[in-house]
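Visitor: I would like to go through this model term by term and hear on what grounds each label is given. Could we begin once the structure is in view?

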Amino acid sequence: MIFPIFIACSLLIAYSHASVVDFCVADFSVPDGPEGYACKKPAAVTVNDFVSSGLGAPGNTTNLIKAAVTPAFAAQFPGVNGLGISIARLDLAPDGVIPFHTHPGASEVLVVVEGTICAGFVSSANTVYLKTLYTGDVMVFPQGLLHFQVNGGDDQAVAYVSFSSSSPGLQILDFALFANDLPSQLLEAVTFLDDYQVKKLKKVLGGTG
């Protein structure tokens, strides 16, 4: 009998705490922590904290992956801090690719607004879920799973992606493996690649060791 009462009280306390404030606009004057940014004082909050105009312009795709991600996370869009949501714009030039990556802190929903995108993710059971998406198509990528997007056509592709966190986090697999100073000998052991392949990838991605 005590346990159900404890659960009920915990839920009531959580609900009460959640309803104390309407929002928690990020205060960039202090560093962020594990729980996100501290709240700006209500008197300092303006409507501009809840508006972002950064996603209207194409990102710069003249880079190695021929792609650009323009984020509107808590660090760029203070109004989403603490709300459990955020958004970004994805631009893919022809042959552009967002390599295998993961968002440790959020699930992702992608909607294609221009062009064609081949997208997919791999489950923890190593099952591949792959689909070619066209304008208006939507795909979801569960939290923490490796996923990717590739321009599937001959023209520019554009998508908007939303996340279930104001700071979803990002780790790109290729960069995690080869854009660091982990000794090549260790990388060869854990990736089953030979010395030439490891050093080639380290050179391309800026790694050392």
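Guide: In this predicted model, Cys118 stands opposite Thr132, a residue of β6.

Visitor: What makes β5 and β6 a pair of strands?

Guide: Two strands count as paired if at least two bridges are found between them. Strand β5, residues 117-122, and strand β6, residues 128-133, are joined by six bridges and run antiparallel, so under the requirement of at least two bridges they are called a pair. In their hairpin, five residues lie between the strands, and Asn126 there takes a positive phi near 65°.

Visitor: How do you know that β4 and β7 pair, and which residue in β7 is the bridge partner of Val111?

Guide: Strand β4, residues 108-114, and β7 pair in the antiparallel sense over four bridges, and the threshold is at least two. The bridge partner of Val111 in β7 is Val138.

Visitor: What is Ile117 in contact with, leaving aside its neighbours within four places in sequence?

Guide: Contact requires heavy atoms within 4.5 Å. With those neighbours left aside, Ile117 is in contact with Leu92, Val112, Lys131, Thr132, Leu133, Gln149, Val150, Gly152, Ala157 and Ala159.

Visitor: What makes the link between Cys24 and Cys39 a disulfide?

Guide: The S to S distance between Cys24 and Cys39 is 1.9 Å, and the definition asks for cysteine sulfur atoms within 2.5 Å, so the pair qualifies. The structure holds one disulfide. This link has -105° about the S-S bond and is left-handed. Both Cys24 and Cys39 lie in the loop between α1 and β1, so the pair ties together parts that are 15 residues apart in sequence.

Visitor: Why is Cys24 called buried, and why is Cys39 called partly exposed?

Guide: Cys24 has a relative accessible area of 14%, and because buried means under 20%, Cys24 is called buried. Cys39 has a relative accessible area of 43%, which falls between the limits of 20% and 50%, so Cys39 is called partly exposed.

Visitor: What is noted about the phi of Lys66 and of Asp95?

Guide: Most residues other than glycine have a negative phi. Lys66, in the loop between α1 (2-18) and β1, is not a glycine and yet has a positive phi of about 55°. Asp95, in the loop between β2 and β3 (97-102), is likewise not a glycine and has a positive phi of about 70°.

Visitor: How do you know whether Lys66 and Asp95 are buried, partly exposed or exposed?

Guide: Lys66 has 35% relative accessibility, which lies between 20% and 50%, and therefore counts as partly exposed. Asp95 has a relative accessible area of 60%, and because exposed means over 50%, Asp95 is exposed.

Definitions and conventions:
Residues numbered from 1 in each chain as written. Predicted model: local features only at pLDDT ≥ 70, side-chain atom pairs only at ≥ 80, totals over all residues. Heavy atoms only, no water. Buried < 20%, exposed > 50% of the residue type's maximum accessible area, 1.4 Å probe, protein only.
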